[in-house]
Amino acid sequence: MTPPMKLSLCNEVVRELAFAQQCELAAKLGFAGLELAPFTLGEESYRMPQSDRAAVRSACANAGVVISGLHWLLVAPEGLSITSSNRAVWDRTVDVMRRLVGLCADLGGSYLVHGSPAQRRTAGDSAAAARAETAWAIVAKDAERARVSYCIEPLAPRETDFINTIEEAATIVQRIGNPALRTMIDTSAAAVAEPDLVAVAIDRWMPTGLIGHVQLNDRNRRGPGQGKDIFTPILAALKRTDYSGWLAIEPFEYVPDGPTCAARSIGYLAGIFEALACMPNQFDA
């Protein structure tokens, strides 16, 4: 059964495989795309020459998948920060972000997810938060020109002290006011940090047009179906609110291993999609 929503596998889950093998495995499991973590292609993948970008596109095409987007943007190189008071560090970070927008567009992706919790901590410093907002405003212009979305990811307090809820991210997005800058929903973070159930948050925020992407994972940091979170209400809410973007599987703990975790996750979600298709009104709020 082909899922009614586009499913993408975050490629670091199977990063021990060569990239072409990642593409092949994702396609065989039923994923339509790979969400690329740039660090899996090297410390300075943002400088990747056009020949290497073409090779990535070719590997995807040969397997029958696409690059849906980019995430884990600032893991490499080391020392990046959008909140740093060191101007050289901040300038270098913004340069990497802008180059990653170009990489995303060149690889055929449609969005970038700015999580990178360690590279945006503020320790409560309002000046640090302002520096982050300035960085996002700059990069939003590049994203607009490249026709991709740049999404600020709310993350749980266990990850970072800056932007933990959708509302906090939405406030910055609306203040900057560039349509290419959006926020997104990571179900693991939302299950921990949002004041409402994840499905309720989807019903609230999806109609605003501010949500540009969704990542699916359990609050225990494993894949969907590998914890106590129930994803039927979440997928029902996405269906109810006519979400048509990508759904990326992004576990952080791969149990028992990456390929098996990926297979378990998509199998679990496919069963829910089938139930929603057979009983379309059963799970309405």
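**Helix packing and aromatic pairs**

In this predicted model, Val198, Ala199, Ile202 and Asp203 of helix 7 meet Pro233, Ile234, Ala237, Leu238 and Arg240 of helix 8. Seven of the residues in this contact are nonpolar, none is polar and two are charged. Helix 7 covers residues 198-205 and helix 8 covers residues 232-240. Their axes lie 8 Å apart, at an angle of about 10 degrees. Angles under 35 degrees count as roughly parallel, so helix 7 and helix 8 are roughly parallel to each other.

Now to the rings. A pair of aromatic rings is described by the distance of the centres and the angle of the planes. The structure holds four aromatic pairs. One of them joins Phe39 and Trp72. This pair is stacked, with 5.3 Å centre to centre and 25 degrees between the planes. Phe39 sits in the loop between strand 2 (33-36) and helix 2 (50-63), and Trp72 in the loop between strand 3 (66-70) and helix 3 (87-106), so the pair ties together parts 33 residues apart in sequence. Phe39 is partly exposed, at 21% relative accessible area. Trp72 also counts as partly exposed, at 25%.

Trp136 and Phe162 form another stacked pair, 6.1 Å centre to centre with 15 degrees between the planes. Trp136 belongs to helix 4 (residues 126-146). Phe162 lies in the loop between strand 5 (149-152) and helix 5 (166-176). The pair thus links distant parts of the chain, 26 residues apart. Both Trp136 and Phe162 are buried.

Key: Residues numbered from 1 in each chain as written. Predicted model: local features only at pLDDT ≥ 70, side-chain atom pairs only at ≥ 80, totals over all residues. Heavy atoms only, no water. Axes fitted to C-alpha atoms, helices over the stretch in contact; angles between N-to-C directions. Helix = DSSP H or I, 4+ residues; strand = E, 2+ residues; numbered from the N terminus. Parallel < 35°, antiparallel > 145°, perpendicular 65-115°, else oblique. Contact = heavy atoms within 4.5 Å. Nonpolar A, V, L, I, M, F, W, Y, C, P; charged D, E, K, R; others polar. Phe/Tyr/Trp six-rings, centres within 6.5 Å; stacked < 30°, edge-to-face > 60°. Buried < 20%, exposed > 50% of the residue type's maximum accessible area, 1.4 Å probe, protein only.
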